[in-house]
Amino acid sequence: MSDDELIWRIAGGSGDGIDSTSQNFAKALMRSGLDVFTHRHYPSRIRGGHTYVEIRAADREVQSRGDGYNFLLALGDSFARNPQEEAFYGNEELKPLSENLDDLREGGVIVYDEGLISDEDVEELNLEERAEENGWHVYPIDLRGLAKEHGREVMRNTAGVGITAALLEMDLEHIEDLMEDAMGGDILESNLEILHEAYEMGQDLEFEHDLRIPEGEHESEQALLSGSNAIAYGAIDAGCRFIAGYPMTPWTDVFTILSQNFPDMGGISEQVEDEIAAAALAVGASHAGVKAMSGSSGGGFALMSEPLGLAEMTETPLVLVEAMRAGPSTGMPTKPEQGDLEHVLYTSQGDSQRVVFAPGNIEEAYEQTRLAFDIAWDYQIPVMLIYDQKLSGENTNVDVEFFDREPSPDLGSTLTEEELKEAAHDNSGKFKRFDYENAEDGVAPRSLPGQKGGRYLATGNEHSPVGHISEDPDNRVYQMDRRLEKLEAIREELNEERESTQTYFGDEDAEYGIITWGSSQGAVEEAVERLNNSGYSVKGLSVSDMMPFPEQEVTEFLESVDEAMVVEMNATAQFRGLLQKELGRFGEKLTSLLKYNGNPFEPAEIVEGYEVNIAEEDREPTAQVRIEPAAGD
Amino acid sequence: MSSDVRFTDFKSDKQPTWCPGCGDFGTMNGMMKALAETGNDPDNTFVVAGIGCSGKIGTYMHSYALHGVHGRALPVGQGVKMARPDIEVMVAGGDGDGYSIGAGHFVHAVRRNVDMTYVVMDNRIYGLTKGQASPTSRSDFETSTTPEGPKQPPVNPLALALASGASFIAQSFSSDALRHQEIVQEAIEHDGFGFVNVFSPCVTFNDVDTYDYFRDNLVDLQEDEDHDPNDYEAAKEVILDSDKEYQGVMYKDENSVPYHEKHGVTEDMSEIPEGAPDDAMDLVREFY
């Protein structure tokens, strides 16, 4: 494993400021010229409970968490349960240290807070012995005492950062700048004092480790963003100005970002009573002529199945986002999984008439959000973005210039009052809102309330061209076919007029393939590179268009390889099932690598999965993954 | 708005399929008259309906309209009005729609105080599904799914509204055409969420809460000169009176501030206010 990269893990208790400390440290690494990628692991608990954030930093593009990590900063859990509760919760004070040892690479560095983690506890861990076996370098420091002496106990995170910087021989400049941006007055002063004190203390230690901060340089202005930021900003640039929602992890992030920005932009954000109302309000706002969205995570999205179906039948432009977490039911609220694919594709009664995109990284999240709004308003169809807790919360550095694009607030296939006069009306003068005779690509342009002569009824019942309830068999078939024709037209537009939303890696002529979808993209990309470096002939495809499915692209890819492994984070191979349903063949060529233990793939797990699965090495995978053989095997 | 709008301009050319004598005819006529009388234009009006007999109103009226999902008419209507305060929004639903499957939405729509009108066609029965108990049915009212009656007290929708912080609470009777129209008119003119529970008898399945029952028992608050709808305590007394049923405006908050005023919502949401970031790039820079 190469250590030309730093993977710094800060572990502590929920509520200890692990998130904000890591955010600033990641920014400092980014400012020093490195590419960064963060991964969050946290419990569904407000105070206490083991949590960590991992920051991977290197002088090259990083699109995934790494394999394990090489620097642990273990703070104690200041909200740890009292000893009486230990039987149930375990020793929470020790967890930031004990829970993180398995993933630490050989030769790794450990700094732990001996002010909160006691010697006896450490002894029980056999730390000394294990350190020797693995070549770890352990630095016990009284971070709590240091923080207390110069400020307050909670500032021990700062002390930990100071020690980290010293041990990595990292300049303090960016860390100081970021602190000055974030705080002021006495708090800033104490924190700076602690930072410097810890830095000096760290410099005085006898260094036994080789790990140092990598050197790097950015040629352009960078920003540290999460997938949730990207989706929210994509919506803003698409001209969305209305969001209604109900909080649910991990979707809450997008809802929060837009709630904080919309009021300044003349937009509306409303927290409502439940997810049914959330999507129904967005349907109403869309009817009124405002670009509107809603969203949730699996359980909340289940409630949206009614308004989603209504939007399909009434051909209401709408964007819904679904941030997956491990299910079924409440599942594991703060853990990622790609288990809602079938839920999102097929929920709600009747034949699905929706578009579904699954962005693979932060840039795609922004671009596909804009694409979602474009398509929703051009084709009058609900468009869903499906992502997960992983993409939602991970931060990477992005070129600021990437966002230098024109906003696109136009309302697509909506008529102006002038155009409405020319549009088809029936003999009694009613606007034929759902006209199937003149619909191009299945799209019948719509009017907006307030326009003269554009009145119509939008109903969830099957309806005639003017919108009246109709059970006429001919009308039914015309209307159904017209609505479904839109999906074919959208597929054609995606194939021909837009750059592919699918992502390819590796050599075109490779013999074997790895296919994935959504946020597992980064880990697959890195795995493909490593496999090729080890002499295998592999290429990768990450699919974003779930519906309408990119039949042609995926067929070409699968025809060009001998075998392909489908990588996804769920237990029933939902995406592989979709592939086979859509393509109707390749059953013998496809195997699966599945992971559903609540943690996203590490690239090494995919490398190993490939070796065992495709290269048929005679061994079981060591990681918590499952291999599903091809049909007939 | 044009001054020459007649109530028939709100009527579509579809003939209602309601049973002859259904209360919904009178309820709808009063709504159309009230809309015309308050100077609204059908091109500027958005009617949202739920599911059931009441839900068909979007078909029989000819304005911009949405006939949605059972119980979800209020959220759709609020979305329309929040995004476009210049549009007149009227939501119609039944007692099942508003007080059973949509009861949660009702409470929160009342709280949100969006400037719209909510007319509930309350017949104390599920009609279109052929006669099952509704949340306003009497506890001993025998139906196919409640052979010995629901055995639970009916919801008092007016009290539910009051407890949720309503700014306008009224009740009318579809057969008292003039009063019904006046009351709906007052709800339209109210700055906020105008809620009217309308007794709209089902002539086929409800032989208890009939035209005769309401005609004989309903007390008109207009005839009670002491009732001041701006007086919260007086409203409470009338609403919680378990001995009598009333028609009229029970409560009206004179200081009601509707949603769009509270939130400073402008009518053109495509215009970005001065000084605000107008695209993502400005926002992204904050994350350096």
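## Domains of chain A

Chain A splits into domain 1 (5-204), domain 2 (224-403), domain 3 (417-496) and domain 4 (503-628), with bounds that come from an automatic or database domain assignment. This is a predicted model, where local features need pLDDT of at least 70, side-chain atom pairs count only at pLDDT 80 or more, and totals for chains, interfaces and linings use all residues. Residues are numbered from 1 along each chain as its sequence is written, while chains are lettered from A and ligands numbered from 1 in the order in which they are written.

Take domains 1 and 4 of chain A: their C-alpha centres lie 35 Å apart. Still, 5 residues of domain 1 are in contact with 8 residues of domain 4 (contact means C-beta atoms, placed from the backbone, within 7 Å). The domain 1 side of that meeting has no nonpolar residues, 3 polar and 2 charged. For these classes, Ala, Val, Leu, Ile, Met, Phe, Trp, Tyr, Cys and Pro are nonpolar, Asp, Glu, Lys and Arg are charged, and the others, Gly among them, are polar.

## Where the chains meet

On to the interface: 48 residues of chain B are in contact with 56 residues of chain A. Several elements of chain B each give at least two residues to its side, including helix H2 (57-60), strand E2 (64-67) and helix H5 (103-112). H3(B) supplies the largest share, 8 residues. Helices (H or I, at least four residues) and strands (E, at least two) are DSSP runs, numbered from the N terminus. By class, the chain B side holds 23 nonpolar, 16 polar and 9 charged residues.

Two cis peptide bonds turn up in chain A. One goes from Gly327(A) to Pro328(A), with omega near -5°, and Pro328(A) belongs to the loop between strand E11 (318-324) and helix H15 (341-346). The other links Met547(A) to Pro548(A), again with omega near -5°.

Asn126(A) isn't a glycine, yet has a positive phi of about 55°. Why does Asn126(A) count as exposed? Because Asn126(A) has 12 C-beta neighbours inside 10 Å; exposed means 12 or fewer other C-beta atoms within 10 Å, buried 20 or more, and partly exposed in between, with C-beta atoms placed from the backbone. Lys151(B), also not a glycine, has a positive phi of about 55°, and is exposed with 10 such atoms within 10 Å.

How values were computed:
Contact = placed C-beta atoms within 7 Å.
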